Amino acid sequence: MSNMNRKIVFLIIILFTVKLVDAQIISSFQMNSTSFCGQNSILSLLDISTGMITSRTWTVNGPGGFTSFSGSNTTENVILTQLGAYSVRLESCDALGTCHDTLRSVFVNSLPIAVITVDDTVACYGTEVNFSSESSVFNTPGVQFSWDNDFNTGIDVITPSFTFLANADIVVMLMIEDDNGCIDSAFQNLFIVQNEEATFTLGNQCVGIPFELTTPSTASNSALDSIYWIVDSTLFLNGETQTYTHPIEDSIAIILYVVNDYGCSDGMLRFIKIENIPVLSTNITDTVICEGEELLLFVEGAYVYDWSTGESQDSIRVSPVEKTDYTVYGTSQSAGCLSEEIEIEVAVIQKPIVTFDSRNFNPTVGTPSIIRIDYDPKFAINDSLYWLEHGTTNELLNNSGFENSFVANETVSFPVELVYHKDGFTCTTKDSVKFEIDDNCINDNVYIANTFTPNGDNLNDEFIISGYNVAEITDLVIFNRIGQEVFHEQNIEIKNGKMQNGWDGNDINNIRCNSGVYVYSYKIKCLNGADLEYSGNITLVR
């Protein structure tokens, strides 16, 4: 072989050798962890070997036995069923059978066990409850404790134990984590029992009278286990309702305790005063009144009073309209001891009904009026009636008796006082009568007869115009039936409601006029200053 050929072969060998060196296999893999917590943890493997790999074999060896994997898979999942150390080997090979392997270790740690120890899973409201993790199990020197004392609100305490003031039902969570990062949790329910509120009521605490001690206390979460009383520091009583009698006026203490089935309890202390029963008295001697009067009723001997009228003071004023019985009883200051009831009868002398009678309660100005009075019932013959001052320009003709008269010049009221007697008592009632004066200047208030008889018998001998509201007849003319003037006068005076010097039936020549119908026409000035005119017919009869 020539030197040239030898050089070519040598170069080929060198190149082949270099190629083999370039294709060298390096076995390597990744794991999801080298430390696991608890059995049946899953080991995830990923081949990251380099080189021309044509086959690979996974081998996991440990407490659970030997497991071998062959094939071209680049990933595998292995369940680690036992606690302890595992070895993981990956062997990678090329097409020429050249292989390379990698060996790594994995450890499966035992899980910690979180255990909650609590004083009691049922607690009385407001008590302190201790939660401890001292019974928890872990395998490493270090561990972290985390408490959530109302669950789902976040970690509250990171100590091995904590104390909770019981005020609501809760779920407590304990989470522990050891040095290997392994975690376990535990949960504990705490049931809160409401304390039973001690309260009681008492009957009236009166000397020598039994009164009841009663508690309305009821259990919120369980039945009441016991109820007991301590009365006056010496007497012990058991039960929901008890009866006690104290012999003298005194101040004593009463204590009540209530306990439920869970031992939750409450107590109540009250200081009470035992009081004597009040004795009422009254100094009322005269209980007869006139209708419309008031009478003062007065009693004494108690702290609070209860009248049949609903009033509560020691004295009341009454004004009944008929005979009435009033009752009252009294109570002591604080114990509510009741006195015997007192009854006071008040007799009423009924007021007579006063009636007025008059021919005209609406007279025209200047009209004389008569007022008569009556009343019923009449109690005694010495009953009296008085017309009182009335303060007007009208004057009564007398000031006593049952009949009176006056001349109406204006609207006026006359007060009346009736003094009446019954069973030795004198009563008085007052009333009044009112007259509305009619001062209208109208023809209805002027009075003229439709016939007059001038025959000299002094009865209806003249044609007269009357009216108490007439001040003056300023003009009066009378005509016969053919229109001749037979009478004419002006400024005729009015006295006592009547015109002076009326028509006597003679004409202006003083000759007697015949019987027949005549026409009159007048002009009048009224007392109120108004003027009035009117015409009418008058019949002259001979």
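Please note that the model is a predicted one.

I shall begin with strand β25, which covers residues 304-307.

Let me turn to an open sheet of three strands. Its order is β31-β33-β34, and the pairing is antiparallel. The edge strands, each pairing on one side only, are β31 (384-387) and β34 (425-435). From one strand to the next, the twist averages 20°. Strand β33, residues 412-422, is joined to β34 by eleven bridges. Lys 422 stands opposite Phe 425 in β34.

The next topic is the nonpolar cores. As a general remark, nonpolar side chains in soluble globular proteins tend to be buried together. In this model the largest nonpolar core has 24 residues. Which residues have the most contacts inside this core? They are Phe 463, Ile 465, Leu 476, Trp 503 and Ile 524. Strands β38 (470-479), β39 (485-495), β41 (516-526) and β42 (531-540) each contribute at least two core residues, and the largest share, five residues, comes from β41. Apart from this core lies another, of 21 residues, with Ile 373, Phe 406, Cys 427 and Val 433 among them.

Setting aside neighbours within four places in sequence, Leu 476 is in contact with several residues, including Phe 463, Ile 465, Phe 487, Ile 492, Met 499 and Tyr 522. The contacts of Leu 476 also include His 488, Glu 489 and Ser 521.

Why does Thr 140 count as buried? Its relative accessibility is 10%, and buried means under 20%. A polar atom of the Thr 140 side chain lies 2.8 Å from the backbone oxygen of Gly 142. The side chain of Thr 140 also reaches the backbone nitrogen of Asp 179, at 3.0 Å. Not counting residues up to four places away in sequence, Thr 140 touches Asp 178, Asp 179 and Asn 180.

Definitions and conventions: Residues numbered from 1 in each chain as written. Predicted model: local features only at pLDDT ≥ 70, side-chain atom pairs only at ≥ 80, totals over all residues. Heavy atoms only, no water. Buried < 20%, exposed > 50% of the residue type's maximum accessible area, 1.4 Å probe, protein only. Helix = DSSP H or I, 4+ residues; strand = E, 2+ residues; numbered from the N terminus. Pairing = 2+ DSSP bridges. Axes fitted to C-alpha atoms, helices over the stretch in contact; angles between N-to-C directions. Core = buried A, V, L, I, M, F, W, Y, C linked by side-chain atoms within 4.5 Å. Contact = heavy atoms within 4.5 Å. Polar contact = N/O pair within 3.5 Å; in protein donor to acceptor, adjacent residues only side chain to side chain.
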